[in-house]
Amino acid sequence: MKNFNAFVVRESNGQIVSKIEQVNEEFLSKGEVLIKVHYSSINYKDMLATQNKGGVIRTYPMIPGIDLSGEVVESTDSNYHKGQPVLVTGFGTGVTHTGGFSEYVRVPASWIIPLPSNFSLKDAMIYGTAGLTAALSIQALEKNGLNNQLDHSILVTGATGGVGSIALQILAKIGYKNIIALVRKENQLDIARNLGATEVILLSDFKFEKKPLSKQTFHYILDTVGGDLVANLLPYVFYQGSVSLCGNVGGIKLNSTVLPFILRGVNLLGIDSVNISYEDRVEIWNKLSKEWNVTNSTLVNEIPFEEIPSTISLLKNGTHLGRSIVKIS
């Protein structure tokens, strides 16, 4: 195989540097299946992978990109054949194992999901880890009582980001009528409404009370931010309500009291999309390709390989909206 393009992150004199380079197949991590990548996507975790002390990559050099879709080129695993369309998210992809910001990737067969029959490779990356996480969050909340036949209010934080924007659309599509979006900037108000929110709250207008328990306001919360925001919202959750938690852009610490949990029976549901089982992945991806399919209306921007650095800067600065997918080949 000839040399090919990859976005490579290296450590140089204690600093992290990244750029598009020409690499060969020997640069790739080991695995049973070699894939020609058609699309990848840019997530918050990918941004962290390019930063000093980002806490994502431990061994350099590395190709980031925690998501990818493409077609099989070679396989020593009988479950996959040349030309087969597939997708990969999570596990060690782009973290400990060379990832999707590359024209080719080699991965373990157990990490691969066959592309759902009514999905395109582009559709798969419109969702990527963000869509998978949004779907897992909604599924967890529904298992804990969220019901579109009841007048439940559900608050979505980070509502115009990758996970939040997809969550809004799925909730609207499957029949929820009381979807509240929490946004930080005025230009996000109309965006959130267009994505399916029935009410939008500007964070600066929400007057948080410094009390262990406040007026019961939200039956359920789908949180994508973490940190102080989710801690400040816990006192507003209804009795026996639930909060799904999937992000840490707001910080990794949770400064709360136990009172929402022991006096109101609030459930805090951790959402992991990295290491879930193959069976759970297939179930969720089938939902995303069928009854939860919102790819035609998703807030998405397709960029060429060369725009990875500038899009990463938008994520770092908090000005990125929706999803950015990378056309690799």
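A residue is called buried when its relative accessible area is under 20%, exposed when over 50%, and partly exposed in between (1.4 Å probe, protein chains only). The model is predicted, so local features need pLDDT of at least 70 and side-chain atom pairs count only at pLDDT 80 or more, while totals for chains, interfaces and linings use all residues. Residues are numbered from 1 along each chain as its sequence is written, and side-chain values use heavy atoms, with hydrogens and water left out.

Helices (H or I, at least four residues) and strands (E, at least two) are DSSP runs, numbered from the N terminus. Helix α8 spans residues 308–317. Ile308, Thr311, Ile312 and Leu315 are buried in this helix. Seen down the axis of α8, the buried residues fall within an arc of 105 degrees, so they line one face of the helix. The arc is that of the directions from the helix axis to the C-beta atoms. Lys316 and Asn317, on the other side of α8, are exposed. The cover over the buried residues of α8 includes β1 (4–12), β3 (33–42), α1 (44–49), β14 (300–304) and β15 (323–327). Gly318 follows α8 and has a positive phi, near 75 degrees.

Aromatic rings were examined next. Rings of Phe, Tyr and Trp (its six-membered ring) pair if their centres lie within 6.5 Å; planes under 30 degrees apart count as stacked, over 60 as edge-to-face and the rest as tilted. The whole structure holds ten aromatic pairs. In one of them, the ring centres of Phe4 and Tyr104 are 5.2 Å apart and the planes lie at 65 degrees, so the pair is edge-to-face. This pair links distant parts of the chain: Phe4 sits in strand β1 and Tyr104 in strand β6 (residues 104–107), 100 residues apart. Both Phe4 and Tyr104 are buried. For Phe206 and Phe208, the centres are 4.6 Å apart and the planes at 45 degrees, so this pair is tilted. Phe206 counts as buried because its relative accessibility is 14%. Phe208, at 24%, counts as partly exposed. Ring pairs join Phe206, Phe208, Phe218 and Tyr236 into a cluster.

A nonpolar core is a set of buried Ala, Val, Leu, Ile, Met, Phe, Trp, Tyr and Cys residues joined through side-chain atoms within 4.5 Å. The largest has 50 residues. Ile154, Leu168, Ile170, Leu171, Trp285 and Leu288 have the most contacts inside this core. Helix α2 gives the largest share, 13 residues. Another core, of 35 residues, lies apart from this one and includes Leu28, Val37, Met47 and Ile112.

Notes:
Contact means heavy atoms within 4.5 Å.
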